[in-house]
Amino acid sequence: MKNKILSILLSSKDYVSGQALAEELGVSRQAVWKGVNALKESGYEIASTPNKGYKLVSPPEFLNAEAIKNELKTELIGREIIVLDSVDSTNDYLKELGNNGCREGVVVTTREQKKGKGRMGRVWQSKRDENLAFSFLLRPKMAPGGVAAVTPLAGLAVCRALRETTGLDCRIKWPNDIIVGKKKIVGILTEMAAEFDAVEYIITGIGVNIDQAVFPEEIEYKATSILLETGRHYDKNRLLAKILTCLEKELLSNNLRLSQTALEEYSDLCATIGKGITFTRGSRKINGMAVGVAENGELKVMLSDGSICSVYSGEVTVQGIY
Ligand code: BTN
């Protein structure tokens, strides 16, 4: 009841009468009144005026499935949205659902992540209500090798969403960190379950630093947030809906492949291309110049002898960035 009332109030700019709510929901006015009070108790500011009805004064402060859905313009990604209060990792939570056969398009997000995972076994911090941490699951019909293109496409989509929403000059540090200036603002971790020749599901987990003002000392030099860059608070429900909308557009319109257009757009926004980089191969550190990205998402690097090699995973340090 509470969520249904919220959904109606969210989509209406003006007052909605108690009678109209009761009729639309097929319940008594007393039930509407109770539902509105329950919403107020959970922290929503709702004006109630005699003869006019109810109006949502301010958007919900916390993550809320109805508020996300209200802004969402997708058909697949986010057709089911699970908002958790707290979880170890949204990727791991979704993995359980994936193993139990959930349909594709499910999104899991949380107010707090206690054991968030980063790439290369690192930890990803998501303190309560500070940042966005979410994962979505797809079941593409492709061989495991094709998955490498999904993460750059996801990076491109998130980069676009943030540029359009905040006006920040977000760029992509290959393969999929989103940076502002020299600091990281978004991290993406894609994991998959696959048979020898076919993908069972892919889970892409995305962490966006939104309101975090202080970072642990060891990453302070390379981490930032939307708040630190713009001085403004952005509504997390709206922003998540915008990101999911961009993700679906980017992934589906390109058929989960790095098409020529996507590749050109990725290259335009990629802060790595044209820069000196250092990457690791085995235990060796190799220097080169990043010259482009291939259709399978690999980074093309020119070595000191003029030859071109491909870097497909691992750690890359970009001169002047991190
Ligand atoms: C990285 O840059 O190292 C990747 C960070 C990915 C973090 C996100 S937050 C949501 C999802 N759940 C996780 O445990 N990790 C990803």
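Helices (H or I, at least four residues) and strands (E, at least two) are DSSP runs, numbered from the N terminus. The model is predicted: local features need pLDDT of at least 70, side-chain atom pairs count only at pLDDT 80 or more, and totals for chains, interfaces and linings use all residues. Residues are numbered from 1 along each chain as its sequence is written, and side-chain values use heavy atoms, with hydrogens and water left out.

The protein chain is divided into domain 1 (2-58), domain 2 (65-269) and domain 3 (276-318); these bounds come from an automatic or database domain assignment. Taken over C-alpha atoms, the centres of domain 1 and domain 3 are 57 Å apart.

Two or more residues of the shell around the ligand are given by each of helix H5 (90-99), strand S5 (132-138), strand S8 (183-194) and strand S9 (199-208). S8 supplies the largest share, 4 residues.

Around the ligand there are 20 residues, a residue being near if one of its heavy atoms lies within 4 Å. Those that come nearest are Ser89, Gln113, Lys117, Arg119 and Lys184. By class, the shell has 6 nonpolar, 10 polar and 4 charged residues; Ala, Val, Leu, Ile, Met, Phe, Trp, Tyr, Cys and Pro count as nonpolar, Asp, Glu, Lys and Arg as charged, and the others, Gly among them, as polar.

Specific atom pairs can now be considered. An N or O atom in the side chain of Gln113 is 2.8 Å from a nitrogen atom of the ligand. Lys117 places a polar backbone atom 2.7 Å from a ligand oxygen atom, while a polar side-chain atom of Lys184 is 2.6 Å from an oxygen atom of the ligand. The protein buries 98% of the 420 Å² that the ligand exposes when taken alone, with areas from the Shrake-Rupley method and a 1.4 Å probe.

Two backbone features remain. Most residues other than glycine have a negative phi, and most peptide bonds are trans. Asn51, in the loop between strand S1 (46-49) and strand S2 (53-56), has a positive phi of about 70 degrees although it is not a glycine. Trp174 and Pro175 are joined by a cis peptide bond with omega about 0 degrees, and Pro175 belongs to the loop between strand S6 (170-173) and strand S7 (177-180).

Definitions and conventions
A polar contact is a pair of N or O atoms within 3.5 Å; within protein, one must be able to donate a hydrogen and the other to accept it, and residues adjacent in sequence count only if both atoms are side-chain atoms.
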